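Please keep the sequence and the model in view while reading.

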Amino acid sequence: MGQETAEIWPAQSNSQAGQSKSDRLLGQGFAFVGRQHHVAVGDQDFYIDLLFYHLRLRCFMVIELKRGAFKPEYAGKMNFYCSVVDDVLKHATDAPTIGLILCQTQNAVIAEYALRGVDTPIGVSTFELTRALPTRLASSLPSIEQIEQELGGEQGSE
């Protein structure tokens, strides 16, 4: 389990506690699916930091939490996770999975190059979230500032 995930999203004793935190973090309409959600691809195991399902948008949302600055390889990993969720978990009537990469610091130019040509809706920062997501989706999701504020209150001192 990634240490950043454990610090930001401590283990919950029941699903109601997880749902309460997801309501505060993301707003209403999100159902908490799992933390360090296991997916097997080929003979390898992978773990999605946070997985949600948005009831109104009818889509999964993959969230990866990263310490430090955004790195280009994060976009490839997120695209991989969204593709796996779309193939393994998504119902035929669901909308495509949305990916969100949360980093402590951002570089919009690096994120822009890393996400150019990627069809999967992936947000890295406020700039990327509003550019990458269609307006109807962006208006249904919290801003990066809202998520960072909520996460900042959970992290304590590091």
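The protein chain contains 7 helices and 5 strands, where helices (H or I, at least four residues) and strands (E, at least two) are DSSP runs numbered from the N terminus. Along the sequence these elements follow the pattern α-α-β-β-β-α-β-α-β-α-α-α. The model is predicted: local features need pLDDT of at least 70, side-chain atom pairs count only at pLDDT 80 or more, and totals for chains, interfaces and linings use all residues. Residues are numbered from 1 along each chain as its sequence is written, and side-chain values use heavy atoms, with hydrogens and water left out.

Of the 158 residues of the protein chain, 42% are buried, that is, under 20% relative accessible area with a 1.4 Å probe, protein chains only. Accessible surface (Shrake-Rupley method, 1.4 Å probe) and contacts (heavy atoms within 4.5 Å) are summarised below.

| Property of the protein chain | Value |
|---|---|
| Accessible surface | about 8200 Å² |
| Share of that surface belonging to carbon and sulfur atoms | 50% |
| Share of contacts with a separation of 6 or more that join residues 24 or more positions apart | 53% |

A nonpolar core is a set of buried Ala, Val, Leu, Ile, Met, Phe, Trp, Tyr and Cys residues joined through side-chain atoms within 4.5 Å. The largest has 21 residues, of which Ile48, Val62, Phe70 and Ile101 touch the most other members. Two or more residues each come from β2 (44-54), β3 (59-69), α3 (72-88), β4 (98-105) and α4 (108-115). The most come from α3, with 7 residues. Apart from this core lies another, of 11 residues, including Leu57, Leu65, Ile98 and Leu102.

Terms used. Buried means under 20% relative accessible area, exposed over 50%, partly exposed in between (1.4 Å probe, protein chains only).
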